[in-house]
Amino acid sequence: MFNPTFEGTPQGGIISPTLLVLTLTGLEQAVKAATSSKDKVNIIVYADDFIITGASREILESKVKPAVISFLKLRGLTLSEEKTHLTHVNDGFNFLGFNVRKYDGKLLIKPAKENVKLFLDKLRNTIKNSRQCNDGSIIRQLNLKIRGCSNYYLHVSLNALFLK
């Protein structure tokens, strides 16, 4: 059944991230205009998520955050205080299901703990819900899930996921 949408965009639809990419176009220029090259500010945008790194917390608080807030305000958006975190890379942060953190000066990217737990819960549920299936069927279902997860986290450390 088709129900027309008269306002906004459907959550999870393909147009939503596309619109946000268009909306966030120019964010990097706005932040770069508010900072100098010695501030070492970098921006990573993926759909409706972004990370901004800087040389110090003071630069991020005094220059970058006000620039982002004014950039979003011009577009009718606000910066979510509950989702906005200022943290040091040694303390780590999660982005797109990955945990990024420096350990003893070495950057390590691995699956976020919440995502590992969700994945293991899915595997448990698959096994519990397939008690009437034969072994081959269960193994095929598990293999599909494990392969998908492995492909998503292909380029990061998977020790936390597969060596428990």
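Trainee: In E5, which residue is the bridge partner of Lys102?
Mentor: In this predicted model, local features need pLDDT of at least 70 and side-chain atom pairs count only at pLDDT 80 or more, while totals for chains, interfaces and linings use all residues. Residues are numbered from 1 along each chain as its sequence is written, and side-chain values use heavy atoms, with hydrogens and water left out. Strand E4 (residues 98-103) runs antiparallel to E5 and is joined to it by 6 bridges, where strands (E, at least two residues) and helices (H or I, at least four) are DSSP runs numbered from the N terminus. In E5, Lys102 has as its bridge partner Leu107.

Trainee: Which residue takes a positive phi in the hairpin of E4 and E5?
Mentor: This hairpin has 2 residues between its strands. The residue there with a positive phi, near 50°, is Asp104.

Trainee: How far apart are the closest N and O atoms in the salt bridge of Glu61 with Arg57?
Mentor: A search of the whole structure finds 5 salt bridges, each defined by a side-chain nitrogen of Lys or Arg within 4 Å of a carboxyl oxygen of Asp or Glu. Glu61 and Arg57 are 4 residues apart in helix H3 (residues 57-74), about one helical turn. Glu61, at 40% relative accessibility, is partly exposed, and Arg57 is partly exposed at 43%, since buried means under 20% relative accessible area, exposed over 50% and partly exposed in between, with a 1.4 Å probe and protein chains only. The closest N and O atoms of this pair lie at 3.2 Å.

Trainee: Which residues do salt bridges that share partners join into one network?
Mentor: In helix H4 (residues 113-128), Lys117 and Asp121 are 4 residues apart, about one helical turn, and their salt bridge has its closest N and O atoms 3.1 Å apart. Arg124 and Asp121 lie 3 residues apart in H4, and their side chains also meet in a salt bridge, at 2.9 Å from N to O. Lys117 is exposed at 52%, whereas Asp121 is partly exposed at 24%, as is Arg124 at 44%. The network formed through shared partners consists of Lys117, Asp121 and Arg124.

Trainee: Which handedness does the crossing of H2 and H3 have?
Mentor: The axes of helix H2 (residues 27-34) and H3 come within 9 Å and cross at roughly 140°, where axes are lines fitted to C-alpha atoms, for helices over the stretch in contact, and angles run from 0 to 180 degrees between N-to-C directions. H2 and H3 are therefore oblique, because angles under 35 degrees count as roughly parallel, over 145 as roughly antiparallel, 65 to 115 as roughly perpendicular and the rest as oblique. A crossing is left-handed if the near helix is turned anticlockwise from the far one by less than a right angle, and right-handed if clockwise. The crossing of H2 and H3 is right-handed.

Terms used
Pairing = 2+ DSSP bridges.
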